[in-house]
Amino acid sequence: MTVDSTYSKPFLSVADQIRRLRVRGMDCGDPHVAALALERCGYYRLSGYWHTSREWDSADGQPSYDEDGRERRRDEFVSGASLEHAVRVHDFDHDLRSRVLKVLETIEVAFRFYIGHRAGAIDRFAHLRPELLDALRLTPGGEKSTPTTRYKEWREEYLREENRARGQFVDHFRRRYGPSLPVWVATEVMSFGTLTRLYALMPRRDREVLAGRFQVLLGDGREDDGTLGKWLSALRLVRNICAHHGRLWNRTLDRTLSVPGRWAAEAGPLETVFVPGTVYNKLYHVLVVMRYLMLTIDPQDKRVLEITTFLEKEAAKSGVGLDQMGFPDGWQSQPLWMGACELSTSAGRAARILDRVDCWSKTALKEWMATTRTWPPADHSGGKTKKTPHAELKSYVDYGAVLTVTLTTAPTFPRFQFRDGLIIAPAAELHRRARELLHGDDDLSQTERIIDWWHRPHPDTAGSAADLRSPRELLEEMTDREFTEWSTANDVLRTLLSSC
């Protein structure tokens, strides 16, 4: 077999390795101890940790870089360089990777759930149906009918992972239902890389809902799904470095983290977390993202803060500078690194509602109203009114008769409350009266409580517990008059208030 390589450096025994290091100026200490260190860690691995102890390749000894921005250093070591120091930094990095990986596991598990849950709301097998994702390309005739190359490559990789998957829950599904796994199970057998690529294939609105849930926002408050995708890609890279024992200390990542528009445009606790003009590809920037995401996943989890405390203590002990990991001057004063830092919970609450109910955007709702009914409609006297879909919807909103869910900036409208081009009359009246009784709550809390009531099985909807149906199901089955009679007979406002 022909080997395609120009590498010609000779093999070195451990004794030869120690000899070479000493010739280049490194203090290796006791030969026996040095040999044990090289056998435990490896010469090649340790070279990443003594790299900064090599002399700069410049006439004046000042930092020097090549055209690609890489450091130019000589083989010779600076005065005082020691193998003991390199091993100490190596062991420090091992502990650092272990701590970072544990937090990344929490973030990864959360995204496995949220991506699977969001895609599952579209279809059980949305990941295997490109027409339900943003995964079809335009044909020459202008129709979307052919899966994109990106989706084909993703599907091929996923199916390999699915075929390799083993475990009690996977075997159970296969024995009972067949080889294909529903998306909320499939996300548990995907690699993190395959999971992040599935996120990129999801419909734009679903990616935006996820970005809104994690409060990754543009400067105008809209969801920044592009930045969230880049964050996931960078976290995947760091996770793989940690899982495969790579060097994390003093590493320049080949993924650059984006700054959400909100951070760049809005004065607040996060506006100076990243230093303007800096390339965001160091450990510090990864920790910023991890800390921010954990504030949305589990605000009580302080492990990222513990990592920064560990870095401050151990970096001083190991003789390494935090600046080598991208930490800017004064980073400790940022509110993000204070234990009391909090983010609003409203985005997560709104996202949970959107997971439960199918919603229209305002534009889509007005288009549906316009095409479902004849406008302007007749008034009670038989004449024509001057109302438009826009005016009709606005009047319902102003009257407090229509439920809206606002994730970040634009309101959306749960579909179940509309029929025949308008909001269902008894639902509109119930919403209006419920809001009057819940006036002490904010709008989102009111909406949460009312939607929860609509979806909870009601004790007065059937003769047996097995047949319990929710008010929403009754609304779909009954005429307006029948639902009004049922709600009046069962005093539903009382049950709504007492059950919340």
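**Starting from one leucine**

Let's begin at Leu 311: beyond its neighbours within four places in sequence, Leu 311 is in contact with Phe 92, Leu 96, Leu 283, Leu 287, Ala 316, Leu 322, Met 325 and Phe 327. Keep in mind that this is a predicted model.

**The cores**
- Leu 311 belongs to the largest nonpolar core, which has 96 residues.
- The members touching the most others there are Leu 96, Val 100, Leu 287, Met 290 and Leu 311.
- Helix H4 (residues 83-122) is the top contributor to this core, giving 16 residues.
- Apart from that core lies another one, of 29 residues, including Val 209, Ala 350, Ala 427 and Ile 451.
- As a general rule, nonpolar side chains in soluble globular proteins tend to be buried together.

**Overall build**
- Of the 500 residues, 46% count as buried.
- Take the contacts between residues at least 6 apart in sequence: 63% of them join residues at least 24 apart.
- The accessible surface comes to about 26,100 Å², and carbon and sulfur atoms account for 50% of that.

- The average pLDDT is 88, and 92% of the residues score at least 70.
- Among the elements, helix H1 (residues 14-23) has the highest mean pLDDT, 97, and helix H11 (residues 261-265) has the lowest, 67.

Notes
Residues are numbered from 1 along each chain as its sequence is written. This is a predicted model: local features need pLDDT of at least 70, side-chain atom pairs count only at pLDDT 80 or more; totals for chains, interfaces and linings use all residues. Side-chain values use heavy atoms; hydrogens and water are left out. pLDDT is the predictor's confidence in each residue, from 0 to 100. Helices (H or I, at least four residues) and strands (E, at least two) are DSSP runs, numbered from the N terminus. A nonpolar core is a set of buried Ala, Val, Leu, Ile, Met, Phe, Trp, Tyr and Cys residues joined through side-chain atoms within 4.5 Å. Buried means under 20% relative accessible area, exposed over 50%, partly exposed in between (1.4 Å probe, protein chains only). Contact means heavy atoms within 4.5 Å. Accessible areas come from the Shrake-Rupley method with a 1.4 Å probe; for residues, only the protein chains shown count as cover.
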